[in-house]
Amino acid sequence: MPRWVPAHEEKAPVIKNALYAMKILHQADKTVMPAAILAQASTAVFTLFFQGVLFLKVLLTIIQGEATFQYFAKVLLLFFAVGMVYEVIIIVCDYAQNVAWKKVYKGLNNLIFKKAAELDVSCYEDPAFYDAYMRATDILTRGFFMAFAVDLSNLLGNLIALVLVIGIVTTIDPVYLLFLAPVSVVFIVQFMRSKLMYKRDLEMTTNNRIKSYTERTVFLKDFSKDMRTSNIFSVILNRFRRAVDDNIRIIKHYGVKLFIYNIIGSFFGELVPIVGTYSFASYQFINDSGLDISGFSVVLSSINSVRQTSMTIADSIAELSNVALYFKNLHDFFDYETQVEDGGLEAGEFESLEFKDVYFKYPASDHYSLNGVNLKINKGETVALVGVNGAGKTTLVKLMLRFYDATEGEVLYNGINVKEYNADSLRRRFATVFQDYKTFALSVNENVLCHEGTDDEKEIARQALIQSGVWDKVKTLPHAADTVLTREFDEKGAGLSGGEQQKTATARLFARDFDIAILDEPSSALDPIAEYRMYQNLIEITKDKSVVYISHRLSSAVLSDRIYVLGGGKVIEEGNHEKLMALGGEYNRMFTLQASRYTGEEVSELG
């Protein structure tokens, strides 16, 4: 299975990604870019050309007696009208952008969240994916889209102003353009500088992810007890410090080159144009070479405007190059195609699920987690998959649900390879309770139903909570099953114990229709009495349905029609409880050891 490729190992064409950013922005809101460009173009033209050059030229012409006051009044009135139009444009564009950016960020967040939910489960077990995901979300959290819009509008607006101002300078003396030529070097230098900054930031991605993880865990309730009763916080803090130190090393590594680029940019963008134009203008003025006071003042003002617009353009190009490079991360993220490809078949009512000589290894692993597994689950059958941790039980579930595909061999649903089915239609046939169950910062009802329920559906959720054994607790909450779990978003929210959370997660199974139930360690957080009651309820609601229990606690195995004992990624024993106990093998050893914990008998381990 292909792995995420670190972005710094690939080229990131600037123009292509800038066009991609414009396309995304246009899809999110059609007004945001026109409003930004119009606002910035108006600002640049009005302040740099009309105010900074044209108005000054007219004023000095009048002072020198080369124009009448009536002419000046007309020009002043024109400038006033232009200024009013400019103010109206700015107000309208600011309002349009405020509305548009809210739509843009809402739409882009929805796209990223939707894509993340569609990705293969394997991505979440790949550190490179988290780097790619962080770089994609950085586009929004660090304001790259807004920076892109500002930089692009700055570039276009100042280009317009630059052309107009250069036109004024050219009418005075084209020689001045020679002193502006070095500014082109700035464009090249800034482009190289932006690529170097992008490479630097990419190298810091993993360290920033470690910093982010530390910041999250310090404030999360789930980790607070362990941090206060062990030395684990010092370990995490040391990793945080190493990440910060490594970032400092990276910044220093690139710092010298960035400093040199800045010096070169300042020399060609600031020193040469200013010294050259000022010196030449002074020479012409002193030697009476046709440059009067009006022309001299306009030249200096114009050159300053040209220098300012040129530097702004250079900075905008550099920033656009830098920002556009980041859009490759978003582009790659959205273009990632899932490796678990959908087939064209809709999964029908469950009849059987079979593993035929299945081998599997995880993408990052060198060894197989499953080694030639053969097993079959038939309609209406209760099957237990048992074994020690790491035996391959949970891996089997991932293949049943097509979170992964088998490396070798076949997984058959109703006799047909699961690859032939639409993955969503296949998963809808299953009801699952996972070992690493999760409850969310939503109401109890929403946690059970997995959507906002009607009154009738809330009654279904109540019955499910009764069957899972947690209703007696839930009904005491401030708003019963409408109470939000955790206080993260609601001050009146409630917390549940580990066992109560597991019962709430299990209630999802009781609240839905299904063909086959998969329960991966469904009672790991329950005491023996609660575990017994839950299994009794499961037996009741799963009559005539298929059930797969996955556990290293064998209370569920006794209730099963068939038991598969796994070890080393293989099926090492098969049969019902009585048969396997009589066999005297691994199952007998495991069951006897567990039974001794409840009876208090001393039982020696069997070889």
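User: How much space lies in the largest cavity?
Analyst: In this predicted model, the largest cavity holds about 50 Å³ of space, and the structure has one cavity of 30 Å³ or more.

User: Which residues line the largest cavity?
Analyst: The lining of the largest cavity is made up of Leu 399, Arg 402, Tyr 404, Asp 405, Ala 406, Gly 409, Glu 410, Val 411, Asn 417, Val 418 and Lys 419.

User: And which strand gives the most to that lining?
Analyst: That is strand E4, which spans residues 408–413 and contributes three residues to the lining of the largest cavity.

User: OK, switching to the surface: which residues form a nonpolar patch there?
Analyst: A nonpolar surface patch is formed by Val 256, Phe 259, Ile 260, Ile 263 and Ile 264, and together these residues have about 460 Å² of accessible area.

User: Where is Ile 260 found, in terms of helices?
Analyst: Ile 260 belongs to helix H9, which covers residues 232–286.

User: Why does Ile 260 count as partly exposed?
Analyst: Ile 260 counts as partly exposed because its relative accessibility is 43%, and that class lies between the buried limit of under 20% and the exposed limit of over 50%.

User: New topic, how many disulfides does a search of the whole structure find?
Analyst: The search, which takes in the whole structure, finds zero disulfides.

User: What about the cysteines, is Cys 93 buried or exposed?
Analyst: Cys 93 is buried, since its relative accessible area is 5%.

User: And Cys 450, buried or exposed?
Analyst: Cys 450 counts as exposed, because its relative accessibility is 58%, where the exposed class begins over 50%.

How values were computed:
Residues numbered from 1 in each chain as written. Predicted model: local features only at pLDDT ≥ 70, side-chain atom pairs only at ≥ 80, totals over all residues. Heavy atoms only, no water. Patch = residues over 30% accessible without salt bridge, like charges linked within 9 Å, V, L, I, M, F, W, Y side chains within 5 Å. Areas by Shrake-Rupley, 256 points an atom, 1.4 Å probe, with all protein chains shown as cover. Salt bridge = Lys/Arg side-chain N within 4 Å of Asp/Glu carboxyl O. Helix = DSSP H or I, 4+ residues; strand = E, 2+ residues; numbered from the N terminus. Buried < 20%, exposed > 50% of the residue type's maximum accessible area, 1.4 Å probe, protein only. Disulfide = S-S within 2.5 Å. 1 Å grid on protein atoms, 1.4 Å probe; cavity = no way out; pocket = protein on both sides within 12 Å on 5 of 7 lines; lining within 4 Å. Points joined across faces, edges and corners; volume = space filled by probe spheres on them.
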